[in-house]
Amino acid sequence: MTETFLSKSYEFAATEEKWLARWRAEHCFAAHMDAGKPAFSIVIPPPNVTGVLHIGHALNNTLQDVLTRYHRMKGDNTLWLPGTDHAGIATQNVVEKQLLAEGKRRNDLGRDAFIERVWQWRREKGGVIIEQLKKIGASCDWERERFTMDEGLSKAVRQVFVTLYKEGLIYKGDYIVNRCPSCQTALSDDEVEYEEGDGSLYHIRYPLADGSGALVVATTRPETMLGDTAVAVHPDDARYQDFIGKEVVLPLTGRTIRVIADKAVELGFGTGALKVTPSHDRNDYEMGKRHNLAFIKIMDGRGLMNENAGVYQGLERFACRERIVADLRDAGFLVSIEDYRHSVGVCYRCHTVIEPETSVQWFVAMKTLAEEAMAAVEDGRVRLHPKSWRQNFFGWMNNIRDWCISRQIWWGHRIPSWDCQDCGERIVEMTDPSRCPQCGSTNIVQEKDVLDTWFSSALWPFSTMGWPEKTSELAMFYPTSVLVTSFDILFFWVARMMMMGLHFMGEPPFKDVYLHALVRDKDGRKMSKSLGNGIDPLDVVAQHGADAMRFTLTALAAQGREIRLDLERIEGYRHFINKIWNAARFAHMHLADCHENIREIADNTEQLSLAQRWILSRAEACAETVRRAYDDFLFNEAAQASYQFIWTEFCDWYLEWIKPDLFSADIGVKDEARGVLLAVLETLLRLTHPIIPFVTEEIWSVLPGARSSLMLSPFPEPRPDWRDLRAEEEMAVVMEVISGLRTIRSEYEIHPSVKLTAVVFCPGQEKQAVLSANGERIAALTRFERLSITASGAKPENAAGFVGADLEIFVPLQGFVDVAAELAKNQKELAKVEEKLAQTRKKLGNENFLKKAQPAAVAKEQGKLAELQGRLALLTEAGNRLKKMAGAA
């Protein structure tokens, strides 16, 4: 049963729990497929099944929920499809750690038993992040939740693999790949992150085999020299013309290698002579292919030196580096070591330094697929928001490499390829083979590797809707409407979804892509455990409520701008939620006994008084801004417009204005105020529901009349009859006079109980008429005894003044203000501000400070300077007025 009152304070925890339960019980999040209605669909970027909610998830899913709730209220067939990713490496690591705690390793269980152990973990603990998303109000159709390893998606993965293989777009080959020694698997280029760090550049002497001299090479990885098969110089480097074609002795090994010429050598790097290790460096790999060099692997997949490393076999790679450097020094080959800051590739999952190595892997040939995706962005079938990401997108796609899709782990989609051990035939089909179709042998072995997690994720928009079957969901909701995701997975995921969607569905998987920034701390630093600056969204919800967090994140989500999150900002927006609640409580006191049809008074705008016409016009202006903002993914503008309208225009101005009307004995005046109040309150609740669903739903439920859930109520349609620019202009005059009168009372610290008089000089007849018609209400709101409105006249003596747009206000202060005392106080404050201003200017004029200080510190001082300058101007103006008053006295 619906509550009929609002408690004195907003109890967000109880309200959130209540509405989450009710929405689910009433299936409010369910997608409908009604004929003739527009479709809006969005697929959640599937969080890792191992994940827990972080502030980035909170931002991403809040923005998705805003769009979903907006389109649901518009009456669209709306689907927000949830799910989780099986997260191959991450999930396997979690379960392997569990086994280690039990004194076991995965090999002790065997592949099948280990995979069952992972499924068991997923059933018991894999739904944590889903439950956390529900707590922040995510209105996904939870009955449609998918998992990248479920039966339907696994079928789609196999269909895509088999098709691409038969089309020649998937192949198995020997290539240089990135390997994580910790995760013990290959990584695609996109799974490697680069971190700046301090290292060393080692200069090593390679003697010529004929004894005629030596070359000095520079390297950051001396341990890889054991795999060198050449030394390269630039063909145009005059220093080395006589060395090309000769042989040098590889230090510590006695092996001889050639000196080759290649234009890939950077003339300005190091000594100009480059050691070439084709099996452990991507550039060297290409050079090795060009010059037909030998490929010598010196490490295994764990980062341990192998049999090709000779006496260093068994050493961990970095321990080997120390040993090599020591041996080079002892043998006289180490020329020098210099400090060197450079970028190092690390595993995106565990941040271990990756090791490039040659190995046999499975790849997707990307060039053709990439061309299709680029064309879709170029011709506008896919729009990136903000547009500035187009350049990055095309830059990456034009230089795309083939995608390494095989991973040396057990958890994931096992590659559906079998090799015949008798005739060498490779079998890739939709069903598991029992024998070789070429020779009939049953001696066939399946590939041990699994597919990259991102392979199944790339199919997410259509596999989750039932593909490869032709389902009603695909017919209604594909392509999806928009993808909301972080910019850092534009290439990991977004581009690959585009390629797969275009190739298998003939259409891009989404029409728009909204790329939001990462959430940083208030100083612009990345949040991390080491800095201790992380913000847990669940802690924020517990302290301030889900709505306060959601509104903050929405308000900060400006396109192309980094998001700096400050807990004080969240607290500020919690006050905004409380402001709405208190305004609604006040309104409800006067609306509780009304019939809901009283809102129809707002339909007859020509019969309404100025303030009522003004608030309806401002409500429609706000609605226009919010509608456009939601449609154009300008989330921050929707939040800011709502905030400004509710806090300033509705609460601070309108509610104060209509208080006398609500208590009026004239039933016509009273009903006019109540009717417009209800219409505007309903409008603002519907406008802001997508951002702050809990508080708005609770308030909506107690308003007059039988009501369904707010989230299923219509979003405000355009009301051109409410727009009244003349009412806005006239009310602006009234508000300016009220502000002027309040400013004078405040500046001179005159108690509200003191009855003042004022003279308003206003030459315009229309403005005079407006002010005269509303003079009594102006006086009442400002606690003035009398307001005189005239075209012009003599300025009253000893009066404080306020200059507005084509009007002047004067308030006689004789007997109300001690002019001498006020002037002394003004001059004292002025001196303090001037002193602080001089100190700040001196600091900002100090070149040493500007060079050494952090940008944030400089910006803080510049902000202080602007604030002090503004304060100085106000004090000077007030002082001048006081001096005039003192002179007149």
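**Ring pairs and salt bridges**

Me: Aspartate 721: how exposed is that one?
Reply: Aspartate 721 has a relative accessible area of 35%, so it is partly exposed. Keep in mind that this is a predicted model.

Me: Which side chain does aspartate 721 meet in a salt bridge?
Reply: Arginine 719. N to O comes to 2.8 Å. Arginine 719 is partly exposed too, with a relative accessible area of 24%.

Me: How many salt bridges in the whole structure?
Reply: The search finds 59.

Me: What does glutamate 102 bridge to?
Reply: Arginine 117, with the closest N and O atoms 2.5 Å apart.

Me: Arginine 117, buried or exposed?
Reply: Buried, at 19% relative accessibility. The cut-off for buried is under 20%. Glutamate 102 is partly exposed, at 40%.

Me: And what about glutamate 473 and arginine 144?
Reply: Their side chains meet in a salt bridge at 3.2 Å, N to O. Glutamate 473 lies in helix H14 and arginine 144 in the loop between helix H6 and strand E4, so the bridge ties together parts 329 residues apart in sequence. Arginine 144 is partly exposed, with a relative accessible area of 22%.

Me: Which residues are linked in a network of salt bridges?
Reply: Arg618, Glu624, Glu649, Arg723 and Glu728.

Me: Switching to rings. How many aromatic pairs?
Reply: The count is 38. Take phenylalanine 393 and phenylalanine 394: ring centres 5.6 Å apart, planes at 70°. That angle is over 60 degrees, so the pair is edge-to-face.

Me: Why is the pair of phenylalanine 551 and tyrosine 643 called tilted?
Reply: The planes are at 40°, so the pair counts as tilted. The centres are 6.5 Å apart. Phenylalanine 551 sits in helix H17 and tyrosine 643 in helix H20, 92 residues apart.

Me: Tell me how exposed each one is.
Reply: Phenylalanine 551 is buried, at 1% relative accessibility. Tyrosine 643 is partly exposed, at 28%.

Me: Which rings link into a cluster?
Reply: Phe161, Tyr165, Trp362, Trp403 and Phe455, through ring pairs.

Me: Last topic. What lies over the face of phenylalanine 147?
Reply: Arginine 122, 3.9 Å from the ring centre.

Me: And over the ring of tryptophan 647, what sits there?
Reply: The charged end of lysine 579, 4.5 Å from the ring's centre.

How values were computed
Residues are numbered from 1 along each chain as its sequence is written. This is a predicted model: local features need pLDDT of at least 70, side-chain atom pairs count only at pLDDT 80 or more; totals for chains, interfaces and linings use all residues. Side-chain values use heavy atoms; hydrogens and water are left out. Rings of Phe, Tyr and Trp (its six-membered ring) pair if their centres lie within 6.5 Å; planes under 30 degrees apart count as stacked, over 60 as edge-to-face and the rest as tilted. Helices (H or I, at least four residues) and strands (E, at least two) are DSSP runs, numbered from the N terminus. Buried means under 20% relative accessible area, exposed over 50%, partly exposed in between (1.4 Å probe, protein chains only). A charge sits over a ring if NZ of Lys or CZ of Arg is within 6 Å of the ring centre and within 35 degrees of the ring normal. A salt bridge is a side-chain nitrogen of Lys or Arg within 4 Å of a carboxyl oxygen of Asp or Glu.
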